[in-house]
Amino acid sequence: QSFVKIMWTSLIENAESIRAIYGDQVPSLHAISLHEISFINGVDLICNMRFDVNDLPCILPLKWIKKRVNTVQIHLQLVGSEVIFFEYSGSRLFGNLGIIAEEDYNNVDFTIFERKVFVLKSKSIYVSSITGYTKEAMGQ
């Protein structure tokens, strides 16, 4: 199996929203906070994934500055999904998301401390939304 390593945003069908916010900067998918993963059954299995990334854009949008945004949340939709592996992660929600191209599909996985939590295949990946919000600091 030959994996092609490229920037994950180049595998997104509608990456314009990410480029509009981040420019040439690509947010890392390491140490993300996974909020939600859900599946919708239909003609194609759809997987919705919602997570926070640690990287803020170098230049914040003006409305984000006014709202004191300190966290970016990305909602991806994986169309034509196939669940290869899925294991309960308990309450641990921080890990690394991997998106790589493999032949005619995308391989998407989530790992916590080197342990695979899930592996999916997807024909297409779309950005449903990218939003900024203010996350309260722990202990406040």
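**Pocket, core and one buried threonine**

By class, six nonpolar, five polar and two charged residues make up the lining of the largest pocket. This comes from a predicted model, so to speak a computed picture of the chain. The pocket has a volume of about 190 Å³. Strand S5 (94–102) and strand S6 (105–112) are the elements that give two or more residues to its lining, and S5 gives the most, with five residues. In total, 13 residues line the pocket, and Leu-29, His-30, Asn-96, Leu-97 and Gly-98 are the ones nearest its centre.

Leu-97 turns up again in the largest nonpolar core. That core has 32 residues, and Met-49, Phe-51, Leu-76, Leu-97 and Ile-99 have the most contacts inside it. In soluble globular proteins, nonpolar side chains tend to be buried together. Take Phe-51: leaving out residues up to four places away in sequence, Phe-51 touches Leu-29, Ile-32, Ser-33, Leu-34, His-35, Val-72, Gln-73, Ile-74, Leu-76 and Leu-97.

Then there is Thr-71, which sits in strand S3 (residues 71–79). Thr-71 counts as buried because its relative accessibility is 6%, and the cut-off for buried is under 20%. Its side chain makes a polar contact with the side chain of Asn-70, at 3.0 Å. Not counting residues up to four places away in sequence, Thr-71 also touches Asp-52, Leu-56, Thr-131, Gly-132, Tyr-133 and Lys-135.

How values were computed. Residues numbered from 1 in each chain as written. Predicted model: local features only at pLDDT ≥ 70, side-chain atom pairs only at ≥ 80, totals over all residues. Heavy atoms only, no water. Helix = DSSP H or I, 4+ residues; strand = E, 2+ residues; numbered from the N terminus. Buried < 20%, exposed > 50% of the residue type's maximum accessible area, 1.4 Å probe, protein only. Polar contact = N/O pair within 3.5 Å; in protein donor to acceptor, adjacent residues only side chain to side chain. Contact = heavy atoms within 4.5 Å. 1 Å grid on protein atoms, 1.4 Å probe; cavity = no way out; pocket = protein on both sides within 12 Å on 5 of 7 lines; lining within 4 Å. Points joined across faces, edges and corners; volume = space filled by probe spheres on them. Nonpolar A, V, L, I, M, F, W, Y, C, P; charged D, E, K, R; others polar. Core = buried A, V, L, I, M, F, W, Y, C linked by side-chain atoms within 4.5 Å.
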